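Please look over the sequence and the model shown here before reading on. The report begins with a single residue and then widens to the whole chain.

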Amino acid sequence: MWEIIYNRIFGGFTILIWIAGWPTHATSLLDLNPPRVVVRYGDSVSVNCSTSAKDPEGMGWEATIGGVGFTENVTSIIWTVEKLTEWTVEPKCYMTLRNDGTQSKKVLPVIVYKPADSVSISPLSHSGPMVEGKQYQLQCNIQNVAPLQNLVVKWYKGNESIKTTNYTNASNKKPVNVSPTLTINPSREDDGAQFRCEAELHLGPGGPQTPPTVTSQPLYITVHFGPDIDCSGVKTLDILERQNLVGHCSVEGNPSPLTGWLKAGKPFEPSTLLSRTDAGPYTITANGLVNINHTVRVNVVYGPEFNCPMVYNITEHEIHNLSCMAEGYPVPDVMWIKDGLMVHFPKKLTHMDAGQYRLYANSSHSTVNHTLDIHVLFKPRDIQELLDTEVDTGSSTQLRCSSSGNPAPEYSWIYHRTPNVRVETKDGVSLLSIVHATGENIGTYTCYVQNTLGNVSKTARVFVRGAEPVCPIKLSNERVVIKYEDQVSVSCSNTTSADWITWTIDGQFINDTTWSVERVLQWDIRPNCTANFQGIGTCSKPLHITVYKTPDSVSISPLNHSGPMVEGNRYQLQCKIQNVAPLQNLVVKWYKGNESIDTKTYRDSSNKKPVTESPTLTINPSREDDGAQFRCEAELHLGPGGPQTPPTVTSEPLYITVHYKPHINASRLPKRIPVFRGYPEELVCEATGNPPPKIQWLYDPAKRPIEARGNLTVSEDGFYNCTATNDVETSFVVVEVVLTEDYLPLIAGFVAIVVVAISVIFVFIYSIYYKNTKMGRYSLKSAKLSSTPNGNVAQNGGRDIPLPMTELSQPNIYC
């Protein structure tokens, strides 16, 4: 009883302490889900409160709206409000422990928010355009926003954020109106700028992921400024002649100012083109927010201008009267430039002073120039750069011929003209180019330079390494191949102009361009065509002439041998060629049948007269060569200009006979032969050879074999020697005959006996089987008449009526 009273008194005291807000322990026993609530005014809210205590007496929610009374024996309890309309609600979840009456409590943080009803921006205490350089305030009017401490106001100019205002220290939770301000100093660049402000509620964890935002309509401002004259710091204007004042000293302002120009106090149209006489003071006026003016001195810039000819001609070493002056404002400085260097123009000129001069007139505002060509007349100077040259065959080279003179000199060359030589004049230099040099380019090259005042010349020589000088003579036939005693005619001409041309033979001149012979009777004749050319001099070109004669006869025979040849020995065949010329063109070909087997040439010979030649061929005849045909041919390979088909003389064929030793056919005569006793075996001895061999058998006379037509029939064992002999050699084969017993009759007899025995046994067994099974047994006792009306049938078991037996035929048996 006292215990119950004590517990209730103590429990009530604890409740009073909790209601009074005194601190209690074990708050960690309660858990709120969610732990923090951010809810829009008028929306629903629901929070679960649970405990981790093992044996709570009960739980409850204390709140000005949606409170839940003490509920026993629960571990969780929910606070729910369908429409939250209180700004300062502070629900508390509590729990009482059963064992000692201890209470735990936990306050649920609740933020009730409301976005602004409207947001607007306007100037504070000002209307109309703003003036550059003054300070103004913009006000952002925010209506009915809560809670204020979560409000963030952002200011924008265009899309650029320029200021942020917050109210973190405010404690008011109910909706309020606020009007933060922004101070600006507008400039002319801000004319037409757009300003706006935004009211955002930064509600922290549990709140909307994107802060609720209300943005004002943009405020466009107008900024007045000026007028400004952009040349107000300039006292002098330099304007080119034939230009005007438009674009000089421009005026800016808002509103746009009225501008004008004054000259000597009178209005002046700025688009008027100025001349050098219009220089003087001018005033520009601008009327806008204020009226301003500015005076400048206008200088009309002109020139510099040259009074000077474009070209001036003078003879070398004469005194000139050339004058080149320059006018302009500002007064210019004049410079003379030649070849990039400043010079002082002399009164007396040489050819070194000739050339192009550049005259520059410089003032502080402009520069002009003038080109003056000075021509100093003089005759050509000595030729430079033309030197003897050496070049490799196939390479290219160039000869340079240069000379100075005025008037400009003309170049010409004297040399042997060839297609690979090209002449061109470039930059006052004559260039003679030789491309892919050959022997034709060997010679002298003379360059001539001349103008109206005189001329000069110089000669250089060109050498081509690896090439011989070429004589530019053209023969109608470079090479002539002529048969002895035939007619020949060759003409000689020049490929380029020649001073003279003729034929020479053995040092004697023939004053004709054609060399002709009715009948060639010389074997070694050497005519030359000779001519004289510019750049080369005198040169000659020989006519290559070949006088030939085909052989009188060609024959083939063995050398130092007669009769048949023996296989395995070496022999020589000789080809005799009578009276052939020239020897160096002779080609001897050897044939066996139609097969070419050897060729001999005489290229190293220098003999041009007819000779008799006897070349030889070494052979090693085999038995396959027996009856072979050998021959030789003499051909004259006369090269270009000769007959298309070489002149040929062929020998009569030589047929050879080849003797060779006997060869016994081992395939018909093995070295070991078995012979069954009582069955003689024939030994066949065949042999080939040239001449045909003689066959002879050698054996033991006691054996007494039968010999017929070179074959031997043997019936006894032993050794039998077959010998084949001809004029070349003797060959033999020894055959061993081995006598063996013939067991075949014994085996055949044994097999026959076995077959007979098996046949007897089979017949006996078959007869027993047929008698007992196929024939049956019949009885004439107790025969009965069958009820069958037709047929005589023997039956067993009938005792009353005797029946006569009818012989039954034996049934057919098919196997």
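Is Asn150 buried or exposed?

Asn150 is buried, as its relative accessible area is 13%, where buried means under 20% relative accessible area, exposed means over 50%, and partly exposed lies in between, for a 1.4 Å probe and protein chains only. The residue sits in the loop that joins strand E12 (136-145) to strand E13 (151-157); strands (E, at least two residues) and helices (H or I, at least four) are DSSP runs numbered from the N terminus.

When neighbours within four places in sequence are set aside, Asn150 is in contact with Ile111, Glu200, Leu201, His202 and Leu203, contact being defined as heavy atoms within 4.5 Å.

## How the model should be read

This is a predicted model, in which local features need pLDDT of at least 70 and side-chain atom pairs count only at pLDDT 80 or more, while totals for chains, interfaces and linings use all residues. Residues are numbered from 1 along each chain as its sequence is written, and side-chain values use heavy atoms, with hydrogens and water left out.

## Ala498, a second residue

Ala498 belongs to strand E43 (residues 498-505) and, with a relative accessibility of 27%, counts as partly exposed. Apart from neighbours within four places in sequence, Ala498 is in contact with Ala531, Asn532 and Phe533. Between Ala498 and Gly537 there are 39 residues of separation in sequence, and their C-alpha atoms are 9.4 Å apart in space.

## Annotated regions

An unreviewed UniProt entry places the feature "domain: Ig-like" at residues 109-215, 304-369, 380-463, 551-650 and 662-740; the positions follow the numbering used here, feature names are shortened, and annotations may be inferred rather than shown by experiment. Over residues 109-215 the chain is 0% helix and 50% strand, with its end C-alpha atoms 29 Å apart, and over residues 380-463 it is 0% helix and 55% strand, with the end C-alpha atoms 28 Å apart.

## The chain as a whole

The protein chain contains two helices and 67 strands. Its radius of gyration is 73 Å, well over the 28 Å that the globule rule gives for 815 residues, so the chain is more spread out than a compact globule; the radius is taken over C-alpha atoms, and the rule is 2.2 Å times the number of residues to the power 0.38. Along the principal axes, the C-alpha atoms fill a box of roughly 175 × 165 × 70 Å.

Of the 815 residues, 36% count as buried.
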